[in-house]
Amino acid sequence: MPTPKILTGIGRFQEYFRQNQEMFERLATQGQSPEVLSIGCSDSRVPSELLSQVDPGDLFVMRNVANIVPPYGTGEMGVGAVIEYAVLHLHAKHIVVLGHTDCGGIKALDQPLDWSRQPHIARWIEHARPAKTKVEASGLPSEEHHLATVRENVLLQLEHLRSYDPVREGERAGVLGLHGWVYHLETGIFESYNPAAAIWAPIESSES
């Protein structure tokens, strides 16, 4: 059986369900229509719905190691299926790639992996390797490499997203926006990439 903490949490959710039963019944009968596809990391510290404080039905979520989007044609079917479903069937208006500090997948790029024991991890993180290579060639101090690589990986995955026809077509038509964000575990701050200015800046809450 799962840990008591999880079982207790299920009990609390049942109470939450009763308090919001109308919302859940509406979702069950009318289906989902999330405007945002969130592509985040599997890290247990960065749950997309909790960080964004949204309701069920607001986000279509995909999480994997290092928030990676393999380029189209690489044979990674699961990620492509999520992208196609979000854009073509749910008509999502935004895709957010959310990276985070202290990312184990990004740190794994710094060490050789045993392909015989960890073939899936070793192959997977190669989709982030160009981000590390770019940072290494930048001349930044070594202590700045991790955050810089996390950021570059987010931008790299945005470019990978554009290799999928539905994403590229939606962006060109102006009906789909792509966004790169990084969450700082140490401070709770989110930052967003501004492509026009080529800078990262903190996201200001709409309630600020």
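Predicted model: local features only at pLDDT ≥ 70, side-chain atom pairs only at ≥ 80, totals over all residues.
View 1. Helices (H or I, at least four residues) and strands (E, at least two) are DSSP runs, numbered from the N terminus. The C-alpha atoms fill a box of roughly 55 × 45 × 40 Å along the principal axes.

**View 2. The largest nonpolar core has 41 residues.** Such a core joins buried Ala, Val, Leu, Ile, Met, Phe, Trp, Tyr and Cys residues through side-chain atoms within 4.5 Å. Buried means under 20% relative accessible area (1.4 Å probe, protein chains only). Ile-39, Ile-83, Ile-95, Leu-161 and Val-167 touch the most other members. At least two core residues come from each of β1 (36-41), β2 (59-64), α4 (77-89), β3 (94-100), α6 (119-125), α8 (145-161) and β4 (177-183). Across the protein chain, 36% of the 208 residues count as buried.

**View 3. Leu-161 has contacts beyond its sequence neighbours.** Contact means heavy atoms within 4.5 Å. Neighbours within four places aside, Leu-161 meets Ile-39, Val-69, Ile-83, Ile-95, Val-97, Val-167 and Leu-178.

**Notes.** Residues are numbered from 1 along each chain as its sequence is written. Local features need pLDDT of at least 70, side-chain atom pairs count only at pLDDT 80 or more, totals for chains, interfaces and linings use all residues, and side-chain values use heavy atoms, without hydrogens and water.

Notes
Buried < 20%, exposed > 50% of the residue type's maximum accessible area, 1.4 Å probe, protein only.
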